[in-house]
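Here is a structure to walk through together.

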Amino acid sequence: MFGNNGNGGEKDGSGSSAPPPAPQHPPASGEAKPVQMSAPPKIGLALGSGLARGFAHIGVVRALKRHGIVPTVVSGTSMGALVGGAYLANKLDSVEEWAYTLTRGKVLHYLDFKSGLLIGAGGIIGGEKLVKLMLENFGEIRAEDLPYPFTAIATDLVTGHEVWLRRGRLVDVMRASFSLPGVFPPVPFNGRWLIDGALVNPVPVSACNAGGARMTIAVNVNGDIIGKVRHPGDKIPTVAGFDLLNVAGPHTEDAKKSGLINRIFRREADHPSVFGVMISSLNIVQDRLSRSRLAGDPPDVLITPRIGHIGLMEFDRAEELIAEGEAAVERAVPDIKAAYAVLCTEYNEVEDGLPPEGYKP
């Protein structure tokens, strides 16, 4: 996506790049000599939704690998699905390089307002330019051909059911997972119309658990509640995503020609825009639903980057987001090592489920 030389279905992508390296076992200080495992423990990584904030997932994956922690069961919702799929397809370098090039003008170019709003496609953003870019980089890679299990979360537009996408062209799977209702058009997939998985499972820990992960690390990029009030005094909380453009309205020539587009994105100094209300409402839904789902399906380690001060549509702040993703992992390393020591080194993985010979609790 994203650069030219990057490396990196229902509950039911093949590239030429090498798969991610085999998982390493992170050391835990003071622990006893690990029991010999009959198979490497599966480490799950659940990457949550969050639009632009999802760039923090890139930093999380980088930092985990630097500490010898290589996830082998990956699930993602919305932007988390994009980063998770790119990691397993060995395209993460390309995505990161592309993210660093984004400016506000380029973001507007990729969002493609005219094709979405004017043709009545079910969303105000067509997204065709973004899909074309994804196809240029991911090609025909299929989700089932990735080196490790991958699950993208989507929502059935008709029934509201949570849909786990594990098969199909990777671009289609990721596209369905980040199809924000009202913004991007819904995606037809295996006889269903699918929209953003953030509406049902913003941080998909359950998919990692179902995939057999011995230990699951979850990343919630919308959990920094304090960050949302770091700029007090404004009547309109612009950091929450109200200002995709600015008070003056859209800058693109196509947008200027359309009074309807202008009304959707333009706002007065003391009122939110229509688009801003939509995006901020999604933020509220993600926040409340994430708390509920994480309480019911708690991960073994929860990583929460401190990025609440960055708006959901501020894709031009990728460098800051990626850096904070790495910093969040560094803060969580003691918890990760402690969880690994308990969950992945004290029990032998054998078919009968019995503890290893000589094990004493």
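A residue counts as buried when its relative accessible area is under 20%, and as exposed when that value is over 50%. Keep those cut-offs in mind as we look at a predicted model.

Let's begin with Asn222, which sits in the loop between β7 (215–219) and α9 (253–257). Its relative accessibility is 1%, so Asn222 counts as buried. What does the side chain of Asn222 make a polar contact with? The partner is the side chain of Arg53, at 3.0 Å.

Asn90 is not a glycine, yet it has a positive phi of about 65°. You will find Asn90 in the loop that runs between α2 and α3 (92–101). With a relative accessible area of 17%, Asn90 falls under the 20% cut-off and is therefore buried. Asn190 also has a positive phi, of about 50°, although it is not a glycine. Its place is the loop between β5 (187–189) and β6 (192–196). Is Asn190 buried or exposed? Asn190 has a relative accessible area of 64%, so it is exposed.

Now for the helices, with α7 (residues 170–177) as our guide. Helix α2 (residues 79–88) meets α7 with a crossing angle of roughly 155°, and the two axes come within 7 Å. Because angles over 145 degrees count as roughly antiparallel, α2 is roughly antiparallel to α7. The crossing of these two helices, α2 and α7, is right-handed. On the α2 side, the residues in contact are Ala81, Leu82 and Gly85, and on the α7 side they are Leu170, Met174 and Ser177. Sorted by class, this contact of α2 with α7 holds 4 nonpolar and 2 polar residues, with no charged ones.

Helix α6 (residues 128–138) packs against α7 too, at an angle of about 145° and with the axes 10 Å apart. The crossing of α6 and α7 is right-handed. Which residues bring α6 and α7 together? From α6 come Val131, Met134, Leu135 and Phe138, and they meet Leu170, Val171, Met174 and Arg175 of α7. The contact of α6 with α7 is made up of 7 nonpolar residues and 1 charged residue, with no polar ones.

Looking back at α7, Leu170 and Met174 take part in the contact with α2 and also in the contact with α6.

How values were computed. Residues are numbered from 1 along each chain as its sequence is written. This is a predicted model: local features need pLDDT of at least 70, side-chain atom pairs count only at pLDDT 80 or more; totals for chains, interfaces and linings use all residues. Side-chain values use heavy atoms; hydrogens and water are left out. Axes are lines fitted to C-alpha atoms, for helices over the stretch in contact, and angles run from 0 to 180 degrees between N-to-C directions. Helices (H or I, at least four residues) and strands (E, at least two) are DSSP runs, numbered from the N terminus. Angles under 35 degrees count as roughly parallel, over 145 as roughly antiparallel, 65 to 115 as roughly perpendicular and the rest as oblique. A crossing is left-handed if the near helix is turned anticlockwise from the far one by less than a right angle, and right-handed if clockwise. Contact means heavy atoms within 4.5 Å. Ala, Val, Leu, Ile, Met, Phe, Trp, Tyr, Cys and Pro count as nonpolar, Asp, Glu, Lys and Arg as charged, and the others, Gly among them, as polar. Buried means under 20% relative accessible area, exposed over 50%, partly exposed in between (1.4 Å probe, protein chains only). A polar contact is a pair of N or O atoms within 3.5 Å; within protein, one must be able to donate a hydrogen and the other to accept it, and residues adjacent in sequence count only if both atoms are side-chain atoms.
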